Amino acid sequence: RGELQTTVDAPLERTWAASQKALTDLQMPVTDQDKDGLSGKLTARAAGDKKVVVRVKKVTSTATELGIRIGTWGDETKSHEILEAIKRRL
């Protein structure tokens with residue numbers, strides 16, 4: 001479907017903070033963010049003005065579902081790069 005999905009062993013708050021820092025590390029400025037107690041969505045811009053969307057959703061108190069989409073159709077290589085940057089920050 002163009003979106004990389006995985007579950008990480010970290011609470012929602014920690015995953016949210018790691019996602020924000022990872023996008024900053026990769027020089028993808030966050031243009032919009034929306035979060036509540038159960039989920040969140042970060043929108044950023046990558047090189048070539050491609051839209052990057054990172055979604056987080058609470059699964060349990062210690063697990064969070066993570067979804068990463070780049071552009072309309074997705075970019076698997078860049079999505080994995082963002083995922084690895086997030087995991088390094090967790």
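Reply: Glycine 48 is found in the loop that lies between β3 (39-46) and β4 (50-60). In this predicted model, glycine 48 has a relative accessibility of 76%, so it counts as exposed, the cut-off being over 50%.

The largest nonpolar core has 21 residues, and Leu23, Val52, Val54, Ile82 and Ile86 have the most contacts inside it. At least two residues of this core come from each of β1 (3-8), α1, β3, β4, β5 (63-70) and α2 (76-89). The most is given by α1, with five residues. Valine 52, leaving aside neighbours within four places in sequence, is in contact with Leu23, Met28, Leu42, Thr43, Ala44, Ala46, Arg69, Ile70 and Ile82.

A polar residue can be examined in the same way. Threonine 15 lies in helix α1, which spans residues 12-25. Its relative accessibility is 0%, so threonine 15 counts as buried. The side chain of threonine 15 makes a polar contact of 3.5 Å with the side chain of threonine 64. Apart from neighbours within four places in sequence, threonine 15 is in contact with Val8, Ala10, Val56, Thr64, Leu66 and Leu90.

Last, the rings. Lysine 35 lies over the face of tryptophan 16, at 6.0 Å from the ring centre. With ring centres required to lie within 6.5 Å, the count of aromatic pairs is zero.

Notes: Residues are numbered from 1 along each chain as its sequence is written. This is a predicted model: local features need pLDDT of at least 70, side-chain atom pairs count only at pLDDT 80 or more; totals for chains, interfaces and linings use all residues. Side-chain values use heavy atoms; hydrogens and water are left out. Rings of Phe, Tyr and Trp (its six-membered ring) pair if their centres lie within 6.5 Å; planes under 30 degrees apart count as stacked, over 60 as edge-to-face and the rest as tilted. A charge sits over a ring if NZ of Lys or CZ of Arg is within 6 Å of the ring centre and within 35 degrees of the ring normal. Helices (H or I, at least four residues) and strands (E, at least two) are DSSP runs, numbered from the N terminus. Buried means under 20% relative accessible area, exposed over 50%, partly exposed in between (1.4 Å probe, protein chains only). A polar contact is a pair of N or O atoms within 3.5 Å; within protein, one must be able to donate a hydrogen and the other to accept it, and residues adjacent in sequence count only if both atoms are side-chain atoms. Contact means heavy atoms within 4.5 Å. A nonpolar core is a set of buried Ala, Val, Leu, Ile, Met, Phe, Trp, Tyr and Cys residues joined through side-chain atoms within 4.5 Å.
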